Amino acid sequence: MRRQALDAVLRARAGKQSIAVVTRLADGAQALVRPDGIEGDLALEAAQLEQVRRQLTGGHTGMVGEGAHQLFVRTYVPPPRLLIVGAVHVTQALAPMAVLAGFEVIVIDPRRAFGSEERFPGVTMTDEWPDDALRRIGIDAHTAVVTLTHDPKIAALRSDAFYVGALGSPRTHAKRVARLTEKGLGEALPRVHAPVGLNLGGRAPAEIAVSILAQIVQVRHRGVAS
């Protein structure tokens, strides 16, 4: 790795930002790719850049392309984050599961009686109002947001989060869509996973938590919606 690329990687890691070092194997030309920009002496075609950014979102290192145009993509990403709105029973199961899966977990609930250390030992908590908390924390392409109380938050819908999920039945979600469409958020609603989680058939809080985490992992690594 060139010194310029190494310095950029070190700065990105210090700032908990993601970056990919892309090297063309034929001649060693390199590009540095971030979620919002690219620099270096290697020009990437649109399709190549899209593939690199997909790998960056999922934290995958590997090859892109073939022959003389083959690229090696080395990604450096911070731990993925899971922001959970609502300190409910499902959250009590989901939070520790997500920690075990390597996520940095933050639980958001203004109701202090719900968001207590006794109910969520070792998990970062905030009692801010959800939209205020989401704006303060900041949501990037390595962040998943799950709302287990009320509607998906506006800050999440307008963010770069790779996953936004909302609890509720199909009927509840249809009403949610109608309400949020009236607020001018109709274009963002197709990205919301609702009812949240894979359809595993479970109904207990822990089973619902498993389905949610499974879907988050699936979307992060495969970029699919179901």
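**Exercise 1. Which residue in β10 is the bridge partner of V146?**

Before we start, a word on the model: it is predicted, so local features need pLDDT of at least 70, side-chain atom pairs count only at pLDDT 80 or more, and totals for chains, interfaces and linings use all residues. Residues are numbered from 1 along each chain as its sequence is written, and side-chain values use heavy atoms, with hydrogens and water left out.

*Step 1.* Find the strands, which are DSSP runs of E with at least two residues, just as helices are runs of H or I with at least four, numbered from the N terminus. Strand β9 covers residues 143-147 and pairs with β10 in the parallel sense over four bridges; pairing requires that DSSP finds at least two bridges between two strands.

*Step 2.* Look across from V146: its bridge partner in β10 is G165.

*Step 3.* Now turn to the other neighbour of β10. Strand β11 (residues 192-193) runs parallel to β10, joined by two bridges, and here G165 stands opposite H193.

**Exercise 2. Work out whether the two faces of strand β10 are covered or open.**

*Step 1.* Recall that in a regular strand the side chains alternate between the two faces of the sheet.

*Step 2.* Sort the residues of β10 (163-166) by side: Y163 and G165 fall on one, V164 and A166 on the other.

*Step 3.* Check burial, where buried means under 20% relative accessible area, exposed over 50% and partly exposed in between (1.4 Å probe, protein chains only). These four residues are all buried, and both faces are covered.

**Exercise 3. Describe the chain as a whole.**

*Step 1.* Count the elements: seven helices and 11 strands.

*Step 2.* Take the extent of the C-alpha trace along its principal axes, about 60 × 35 × 30 Å.

*Step 3.* Of the 226 residues, 45% count as buried, and residues 24 or more positions apart account for 47% of the contacts with a separation of 6 or more.

Key: Contact = heavy atoms within 4.5 Å.
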